[in-house]
Amino acid sequence: MKKTGRIFLSAFLFAAILTGCAKNEGNLNQASLKQAIDQGAVKLNTAMNTISATQAYSILTMNEGSMMKSSTATDSIYRVYIPLDKIKGVYEYNKVSKHNNWGMSLLHFFTKTADNSQMIVRMPLKKVTRPGNLRHYSKADSSLTNNFSIAVSDYHNNYNSFRDYDYVLSSEISVDNVVAGNLDINTLISPTLGTHYTSQYAFAGGYTAKYKYESGDTTSSIFTIMNGANILYEEKLFTIKNDTAKFGREHQYILTIGNVQIIRNSDTKKVQIAVDGVVQPGAVVTIMDKEGDKEGDKEGDNEESVCKKRDIQITFEDGTVKTVSALIGESVNNIKTLYSSLHQVYFAAYIVDWIAYDIYYQR
């Protein structure tokens, strides 16, 4: 009897300990969820503050309004095939040119100074950040040095029409002989194969921003900011094919901030939040889309994003509420700019491509 009593008491105590642990685990989950989302936001904001202060960011995020448009992209009979072998060499900006002609070949302002297995373009950083002055010479230009360079290690431009082309650019960007980042673009647009687009910019210091788009019956769009191998911020959008827009009906949406994931499956209409893959059932997540916020939309695109038309509200088990916009408020505009820039990468298109076209056509 005494032995049986001891066994019963031990079992009772063990069960009590397990019950206590289960309760504590629930509390820790809620506490760790708050802590995880806060820590993820802090790391993201720190990263964006660092990234946005770099010269690489100011170069990458130049927008179309500050660039001169090329007419070739809209020419219905325009065709071109330019491999790296056709344009390789070292090209130095000629800062003492006396010419001021907006219609003149951009290559006219450069001198090929050496052969090289890559295409290396060197020019004043001021001319990169103020591209409207690329074809304009002023006396002040005589004091400029070619302190910016882009070294293109892979290039392929095969253009048949805006619905049929493939494009590759791999490059290293330096300012004052210090590497500022690496830009990689890979695009395929085909009437039969659809659209496949990736762009990635690796900043010096370990931060990387990248965007990937794949069309099909299910279209995917993924925008990611990383520190080394760690995801700081990621939005994944999967949509079902819709003939009326590039982005059709949303099928699944996943937002990642640090080790926290928010997942909405449109088929089940459920929204879940998880920490390290463990769903937190005590939290309620509401995704709020803003009607009428169409800034940045083109050609009927409907790509939902926290940066454009979406906010997310998290209600914790204790009743406290946080929104993603509040958590990353100081970074959302820079994230939006980075997101948009990875779609377009204007500085590469309006410097590397223009020089490539001029070399190809011997202008």
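Predicted model: local features only at pLDDT ≥ 70, side-chain atom pairs only at ≥ 80, totals over all residues.
Visitor: How many salt bridges does a search of the whole structure find?

Guide: Residues are numbered from 1 along each chain as its sequence is written; side-chain values use heavy atoms, leaving out hydrogens and water. A salt bridge needs a side-chain nitrogen of Lys or Arg within 4 Å of a carboxyl oxygen of Asp or Glu. Searching the whole structure on that basis, the number of salt bridges is eleven.

Visitor: How far apart in sequence are the parts that Lys127 and Asp141 tie together?

Guide: The closest N and O atoms of the Lys127–Asp141 salt bridge are 2.9 Å apart. Lys127 sits in helix 4 (residues 125-129) and Asp141 in the loop between helix 4 and strand 5 (148-161), so the tied parts are separated in sequence by 14 residues.

Visitor: Are Lys127 and Asp141 buried or exposed?

Guide: The test is relative accessible area: under 20% is buried, over 50% exposed, and in between partly exposed (1.4 Å probe, protein chains only). By that test, Lys127 and Asp141 are both buried.

Visitor: Which residue forms a salt bridge with Lys236?

Guide: Lys236 is partly exposed, with a relative accessible area of 25%. The partner has its closest O atom 3.9 Å from the Lys236 N. The partner is Glu234.

Visitor: Which strand holds Asp289, the partner of Arg264?

Guide: The side chains of Arg264 and Asp289 meet in a salt bridge, 3.9 Å from N to O. The pair links distant parts of the chain, 25 residues apart: Arg264 is in strand 13 (residues 260-265), and Asp289 is in strand 16.

Visitor: Which residues are linked with Arg264 in a network of salt bridges?

Guide: Arg264 counts as buried, at 18% relative accessibility. Asp289 is partly exposed at 35%. The network links Arg264 with Glu250, Asp289 and Arg310.

Visitor: Where is the kink in helix 7 centred?

Guide: Helices (H or I, at least four residues) and strands (E, at least two) are DSSP runs, numbered from the N terminus. Helix 7 has 15 residues and reaches 20 Å from first to last C-alpha, close to the 21 Å expected (1.5 Å times one less than the number of residues). The bend at a residue is the angle between axes fitted to the seven residues ending there and the seven starting there. Helix 7 has a kink of about 25°, centred on Asp353.

Visitor: How many of the 15 residues in helix 7 are buried?

Guide: Just after helix 7, Gln362 takes a positive phi of about 55°. Helix 7 itself is mostly covered, and its buried residues number 13.

Visitor: What is the relative accessible area of Leu183?

Guide: Leu183 lies in strand 7 (residues 178-190). Not counting residues up to four places away in sequence, Leu183 touches residues including Leu169, Tyr201, Val345 and Phe347. Leu183 is buried, at a relative accessible area of 0%.

Visitor: Over residues 65-75, how many contacts beyond near neighbours does the model have?

Guide: The protein averages a pLDDT of 81, and 79% of the residues score at least 70. Over residues 1-28 pLDDT stays under 50, with zero contacts beyond four places in sequence. Over residues 65-75 pLDDT is also below 50, yet the contacts in the model beyond near neighbours number 22.

Conventions
pLDDT = per-residue confidence, 0-100. Contact = heavy atoms within 4.5 Å.
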